[in-house]
Amino acid sequence: MKILFYDATPYDKESFDKELSKYQGIEITYQEIDISLKTVSLAKGYDAICAFVNSDLSAPVIDKLNEIGIKLILLRCAGFNNVALDKTAEYGMTILRVPGYSPEAVAEHAMTLALAVNRHLHKSYIKVRENNFSLVGLTGINFYQKTAGIIGTGKIGAAMCRLCKGFGMRVIAYDMYPNKSLDFVEYMPLDEVLRESDLISLHCPLTEETHHLINKDTIEEMKDNVILVNTSRGALVKTEDLIQGIRSRKFFGVGLDVYEEEGSNVFENREDELLEHSVTARLLSFPNVIVTSHQGFLTYEALAAISQVTLQNALDYENGNIEKGNLVK
């Protein structure tokens with residue numbers, strides 16, 4: 001099987017090459033450029049493509065992939081809301097993903113953002129580098145005995161629950177399908193979780209129901225001086241309403257690894273550009289906001305797991321061990 005990797009980074013190449021020898025019969029070609037209408041033709045002659053969470057797999061791109069005979073799309077990620085599934089179903093394409101690679105990696109990054117924005121590490125780091133050792137403006141709060149509200153308790157949310165418990169926090173959660181293994185978590189309606197939490201961390205999938213789950217109304221329900229963290233999907237939060245909430249001093253701090261405008265920024269170096277009309281620039285202008293570049297998954301352990309599952313998916317498809325068609329494993 002010949003696979004074309006779009007948007008391949010050095011860490012992708014390193015992790016996949018390390019695992020490739022264990023999966024006989026698979027050949028990978030890496031392309032730094034991502035898939036688009038202009039680059040989809042590069043996949044001609046390949047058996048499959050491999051794309052990532054922010055890759056353009058819209059209907060027009062799927063049409064072109066079908067024209068050149070691609071029947072397998074491998075996603076080296078869990079999310080698939082960037083895929084035109086109605087089109088892939090129409091063409092009988094198979095979509096295989098990595099539903100769980102390292103929940104702890106993302107949960108630990110969520111806690112890192114919460115701790116960093118709480119203790120103003122982004123500000124103190126810059127101050128000390130400039131020989132400013134003043135503590136003014138760096139006061140945080142104890143997480144111990146505070147309440148953590150986890151929205152979504154799948155694998156990543158469950159890992160976040162366990163981290164919060166380890167900090168001595170009371171852990172409450174909202175999920176339509178409570179996780180019975182989390183016997184220390186109090187499940188509540190969403191509005192109660194919002195009202196009672198000192199720390200709110202988002203870990204639910206992006207669906208029609210959860211789109212803009214955090215908006216003007218739900219922000220108003222939160223405690224004053226709440227900390228909000230999002231490492232799930234950017235569109236869970238209505239950015240304009242979040243910015244208004246930050247301006248009105250609703251939040252003690254906000255930590256974002258994902259946000260609505262991230263598509264043009266994620267994994268790109270734009271240090272020489274001016275982001276004059278950018279939502280990102282507005283978020284970065286606030287002293288109590290930390291934004292990272294969708295790096296929650298980025299640990300050696302997670303990359304190894306992503307490589308293994310993706311390659312096994314390709315091998316299972318090739319060997320006929322997977323029912324072909326519009327399937328998201």
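Reply: The largest pocket has a volume of about 1,200 Å³. Here a pocket is an open set of points on a 1 Å grid over the protein atoms alone, where a 1.4 Å probe fits and protein lies on both sides within 12 Å along at least five of seven lines; lining residues have an atom within 4 Å of a point. The volume is the space filled by probe spheres set on the points, which are joined across faces, edges and corners. Of the 45 lining residues, His203, Cys204, Pro205, Leu206 and Ser232 are the closest to the centre. Helix H4 (103-118) and helix H6 (155-166) are the elements that give two or more residues to this lining, and H6 has the largest share, 3 residues. Helices (H or I, at least four residues) and strands (E, at least two) are DSSP runs, numbered from the N terminus. By type, the lining divides into 23 nonpolar, 15 polar and 7 charged residues, with Ala, Val, Leu, Ile, Met, Phe, Trp, Tyr, Cys and Pro taken as nonpolar, Asp, Glu, Lys and Arg as charged, and the others, Gly among them, as polar.

A word on the source: this is a predicted model, so local features need pLDDT of at least 70 and side-chain atom pairs pLDDT 80 or more, while totals for chains, interfaces and linings use all residues. Residues are numbered from 1 along each chain as its sequence is written, and side-chain values use heavy atoms, leaving out hydrogens and water.

Now the cysteines. The whole structure has 0 disulfides, a disulfide being a pair of cysteine sulfur atoms within 2.5 Å. For Cys161, the closest cysteine sulfur is that of Cys164 at 6.8 Å, too far for a bond. Cys204 is in no disulfide either, as the nearest cysteine sulfur, in Cys161, is 13 Å away. Cys161 is buried at a relative accessible area of 0%, and Cys204 is also buried, at 8%; buried means under 20% relative accessible area with a 1.4 Å probe, protein chains only.

Finally, the strands. In strand E11 (residues 251-256), 6 of the 6 residues are buried, so this strand is largely enclosed by the rest of the structure. E11 pairs with strand E10 (residues 226-230) in the parallel sense over 5 bridges, where two strands pair if DSSP finds at least two bridges between them. In this pairing Asn230 stands opposite Leu256. On E11's pairing with strand E12 (residues 289-291), 3 bridges join these parallel strands, and Val254 stands opposite Val289.

Key. Buried means under 20% relative accessible area, exposed over 50%, partly exposed in between (1.4 Å probe, protein chains only).
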